[in-house]
Amino acid sequence: MAASREVQTPSGAAAIPDFDAIIIGAGMSGMYQLHRLRELGMRVRVFEAGTGVGGTWYWNRYPGARFDSESYSYGYSFSKELLEEWNWSEHFAGQPETLRYLNLVADKFDLRRDIQFRSRVIAATWEEDTRSWSVTLQDGSRFRARFLITAIGPLSAPTMPRIEGVDMFQGQSFHTARWPHEPVDFAGKRVAVIGTGATGVQTIQTIAGSVGHLTVFQRTPNWCAPLHNSKIDAETQKKIKSGYPEIFKRCQETFACFIHTPDPRGTFEVSDQEREAFFEKLYAERGFGIWQGNFRDILIDRKANATISDFVARKIRQRVTDPKVAEKLIPKNHGFGTRRLPLETRYYEVYNQDNVELVDIMETPIERITPDGIKTSDGEYEFDIIIYATGFDAITGSFDRIDIRGVDGARLKDKWKSGPQTFLGVLVDGFPNMMMLMGPHTALGNIPRSIEYNVDWVTGLLRYAKDTGLTRVEATPSGVTSWTDHVKALGVGLLSNEVNSWMTGINSNVEGKQTRIVARYSGSAPAYRARCDEVTAKGYDELALA
Ligand SMILES: Cc1cc2nc3c(=O)[nH]c(=O)nc-3n(C[C@H](O)[C@H](O)[C@H](O)COP(=O)(O)OP(=O)(O)OC[C@H]3O[C@@H](n4cnc5c(N)ncnc54)[C@H](O)[C@@H]3O)c2cc1C
């Protein structure tokens with residue numbers, strides 16, 4: 001591990017290890033940030049709650065967990081050698097493969113020696129006198145660093161449902177994001193899945209063939225579209241390898257860093273027949289094209305959105321044999337693509353199996369978990385296994401779980417009570433020397449592309465601080481107000497901002513998360529980068545530097 005200096009506390013008592021930077025989290029963000037900060041010659045320590053690298057891909061080991069970004073657009077782009085060395089085996093790689101990839105990255109760049117695993121950060125406090133952050137781990141140990149970089153993940157704080165009796169169940173139960181490292185045997189078992197978001201969909205379609213009986217408890221159906229995954233053959237592999245510069249260039253140019261980009265045509269600028277044919281084409285294609293590559297107005301114009309919603313509803317009716325079940329699976333309270341789109345592989349056909357049952361918990365709510373299973377208003381179901389696919393306290397949840405205190409002890413959680421306030425999604429006034437990676441108000445999309453940009457931007461700022469002898473870097477209140485207002489304004493008119501979802505900060509399982517907030521930057525990634533580049537080009541004069 002990087003050598004730390006031992007620093008006396010003001011009282012002269014215990015010595016606290018001292019670093020140039022502490023990074024919280026060893027997912028894709030934290031790993032790359034560590035690599036870049038080493039280039040600056042900084043002494044860095046990464047604290048990671050898990051026992052290995054990979055973040056999302058370390059924790060989410062549930063059956064069927066996989067990308068819905070194309071594999072070759074998801075991996076890191078910063079190392080040609082790594083791109084050359086690694087072969088993705090499928091267009092949308094499964095979790096085990098991605099975790100292997102991230103372990104290879106950790107080995108190749110010798111990252112582990114500066115990562116301390118099994119180390120959950122519970123508090124971080126700004127100390128003005130030393131211009132540094134004091135960081136406390138769950139085991140009580142303390143560390144200090146000039147800079148604090150949060151790489152704690154937009155989807156890393158799992159939430160359990162607020163249902164009475166969760167601890168009473170005597171069978172096996174798992175949250176999908178806390179899946180055991182050992183295989184789970186489903187053969188012949190009576191299994192319940194609670195939740196039908198992206199994770200629920202992947203889990204359900206994967207286990208339906210091996211369980212004895214599967215009961216899906218659905219509150220809100222989500223619009224889903226086919227993934228169309230397949231193996232990458234040798235010929236395609238060659239094309240991918242030689243085409244990496246174009247792939248990443250395209251990701252730099254598109255709205256959300258995916259290889260898909262909106263069609264420039266408006267929905268009603270084409271004939272009904274052309275529209276139908278275009279939807280058919282998108283439905284038959286791989287990945288997020290039907291969401292990110294659809295007509296340009298599909299996510300902002302209610303009537304345009306109704307056309308694609310109607311198209312996908314027809315597909316669901318065709319694929320599900322029982323019309324009553326099909327109707328239950330068709331969302332009625334939001335339009336296609338206004339919530340995060342789960343991509344599926346024969347998900348709807350699962351409901352044609354005799355051993356699968358769909359329970360609509362809007363109709364018959366779950367009353368409690370019992371020692372033997374689940375009790376709804378309609379009766380009691382017995383299970384051997386309950387799977388909670390109940391998602392995350394997204395974007396701000398991982399921040400809320402750390403007691404972060406800035407100037408004069410102000411709590412970040414209090415400052416963000418009515419929604420996050422940031423400058424560029426990276427800095428917060430009153431929290432000097434703290435930089436956020438993939439926090440609120442930053443461009444997300446195909447996330448690794450955004451990670452690489454954000455990490456590079458933070459690295460540039462820290463290089464500047466180092467070169468010019470700065471020891472205090474802070475956003476200004478006016479900078480934060482104007483960025484936050486800008487982010488809010490960008491959300492106006494988007495249909496997705498009129499829908500309750502993790503993207504609008506709603507989580508019925510988390511206290512205080514029942515009011516919509518704007519936690520996401522919803523402008524284009526190129527526009528986001530242009531604004532950040534402008535701040536750099538002007539010598540960071542929009543920041544308070546000392
Ligand atoms: C099932 C699933 C599928 C996904 N698929 C895609 C996809 O196809 N395309 C896409 O672009 N994105 C996808 N995502 C989003 C994914 O989170 C990002 O792509 C990316 O992995 C985020 O990396 P990260 O390092 O920022 O965060 P994470 O990978 O979440 O890593 C954060 C790390 O911080 C650690 N941590 C958090 N709090 C603390 C603390 N207090 N102390 C110590 N450690 C802490 C966590 O243990 C974790 O290891 C998916 C997410 C999920 C859950």
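These entries record what I looked up in a predicted model of a protein.

**Overall form.** I began with the secondary structure and found 17 helices and 21 strands. I then looked up the radius of gyration, which is 24 Å, close to the 24 Å that the globule rule gives for 546 residues; the protein is therefore as compact as a globular protein of that length. Along the principal axes, I noted that the C-alpha atoms fill a box of roughly 70 × 55 × 45 Å.

**Contacts and burial.** I took the contacts between residues at least 6 apart in sequence and found that 71% of them join residues at least 24 apart. I also recorded that 60% of the 546 residues count as buried.

**Surface and charge.** I noted an accessible surface of about 22,100 Å², with 51% of it belonging to carbon and sulfur atoms. For the charges, I found 65 positive and 68 negative side chains, the centres of the two sets lying 2 Å apart.

**Met-435.** I returned to Met-435 and set aside residues up to four places away in sequence. Its contacts include Phe-147, Leu-148, Ile-149 and Thr-150. I also listed Val-426, Leu-427, Val-458, Leu-461, Leu-462 and Val-473 among the residues that Met-435 touches.

How values were computed. Residues numbered from 1 in each chain as written. Predicted model: local features only at pLDDT ≥ 70, side-chain atom pairs only at ≥ 80, totals over all residues. Heavy atoms only, no water. Helix = DSSP H or I, 4+ residues; strand = E, 2+ residues; numbered from the N terminus. Rg over C-alpha atoms; globule rule 2.2 N^0.38 Å. Buried < 20%, exposed > 50% of the residue type's maximum accessible area, 1.4 Å probe, protein only. Contact = heavy atoms within 4.5 Å. Areas by Shrake-Rupley, 256 points an atom, 1.4 Å probe, with all protein chains shown as cover. Lys, Arg positive; Asp, Glu negative; His and termini not counted. Charge placed at Lys NZ, Arg CZ, Asp CG, Glu CD.
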